[in-house]
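The report below describes a single protein chain for a reader who has the sequence and coordinates at hand.

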Amino acid sequence: MRKEYKGNIIAQLGEVLKEYAHFYLVEVAGMNAAVTSEMRRKCFQSDVKMVLVKNTLLHKAFEAAEIDYSPLYGSLKGTTAVLFSNTANAPAKLLKDFAKDGKPELKAAYAEEGFYVGADQLDALVAIKSKNEVIAEIVALLQSPAKNVLSALQSGGNTIHGVLKTLGERPE
């Protein structure tokens, strides 16, 4: 491959790293064409971008990036695919579905500004909640006490109304 092509690829990888907040490094050696095609289809449906890269070019893109990706350098061995996503746990869920066959295998991930190295981190990555899920939980927690107060006031209002009505209807 010519040097100018390598420079273009490194620049493109750098742009993609800036575009997506989360990415996973995946070992894809030994996957046949049917499994690879199915994985690409699932990635497309899950809004995950799958890119096969040369490890040396990805390493150079990491070095050129603003973020220090040095914990991931040791994972750049073998045949590597990168799964880019804006939802932290989407690629993890996708890999969990495919993990039944043993391939593809997680090498490392950068999700929620943290580094996860090793296939044993997949369960932790699946458990990561997206920003929208966390916001929804916080809103639900904040609404819960207000709903309890409103229901108590409404039931109390009905009770007071019932007592006053009974007292008003009582013969003197």
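## A loop residue and the overall fold

I67 is found in the loop between α3 (55-64) and β3, where helices (H or I, at least four residues) and strands (E, at least two) are DSSP runs numbered from the N terminus. Because its relative accessibility is 38%, I67 counts as partly exposed; buried means under 20% relative accessible area, exposed over 50%, and partly exposed in between, with a 1.4 Å probe and protein chains only. Leaving aside neighbours within four places in sequence, I67 is in contact with F62 and Y110, a contact being heavy atoms within 4.5 Å. I67 and L17 are 50 residues apart in sequence, and their C-alpha atoms are 9.7 Å apart in space.

The model is predicted, so that local features need pLDDT of at least 70 and side-chain atom pairs count only at pLDDT 80 or more, while totals for chains, interfaces and linings use all residues. Residues are numbered from 1 along each chain as its sequence is written, and side-chain values use heavy atoms, with hydrogens and water left out.

The protein has 6 helices and 5 strands, which follow the pattern α-β-α-β-α-β-α-β-β-α-α along the sequence. Of the 172 residues in the protein, 33% are buried. Among contacts with a separation of 6 or more, 77% are between residues 24 or more positions apart.

## The sheet and the helices packed on it

The 5 strands form an open antiparallel sheet in the order β2-β3-β1-β4-β5, two strands being paired if DSSP finds at least two bridges between them. Its edge strands are β2 and β5 (114-117), each of which pairs on one side only. Neighbouring strands of this sheet are turned by 20° against each other on average, direction ignored; axes are lines fitted to C-alpha atoms, for helices over the stretch in contact, and angles run from 0 to 180 degrees between N-to-C directions. Strand β1 (residues 22-27) and strand β3 (residues 80-85) run antiparallel and are joined by 6 bridges, with Y24 standing opposite L83 in β3.

Helix α2 (residues 33-45) packs on the sheet and touches β2 and β3, its direction making about 135° with that of β2. Helix α4 (residues 90-98) also packs on the sheet, touching β1, β3 and β4 (105-111), and its direction makes about 135° with that of β3. In α4, the buried residues are A90, P91, A92, L94, L95 and F98, and their cover includes β1, α2, β3, β4 and α5 (122-127).

M50 lies in strand β2 (residues 49-53) and counts as buried because its relative accessibility is 11%. Not counting residues up to four places away in sequence, M50 touches V28, M39, R40, C43, A81, V82 and L83. The C-alpha atoms of M50 and F23, which are 27 residues apart along the chain, are separated by 9.6 Å.

E27 lies in strand β1 and, at 16% relative accessibility, counts as buried. The side chain of E27 makes a polar contact with the side chain of K107 at 3.4 Å; a polar contact is a pair of N or O atoms within 3.5 Å, where within protein one must be able to donate a hydrogen and the other to accept it, and residues adjacent in sequence count only if both atoms are side-chain atoms. A polar atom of the E27 side chain also lies 3.5 Å from the backbone nitrogen of T79. Beyond four places in sequence, the residues that E27 touches include K77, G78, P104 and E105.

Most residues other than glycine have a negative phi.

## The largest pocket

The largest pocket has a volume of about 230 Å³. On a 1 Å grid over the protein atoms alone, a pocket is an open set of points where a 1.4 Å probe fits, with protein on both sides within 12 Å along at least five of seven lines, and lining residues have an atom within 4 Å of a point. Grid points are joined across faces, edges and corners, and the volume is the space filled by probe spheres set on the points. Of the 16 residues that line the largest pocket, G14, L17, K18, A65 and E66 are the closest to its centre. Both α1 (3-19) and α3 supply at least two residues each to this lining, and α1 gives the most, with 6 residues.
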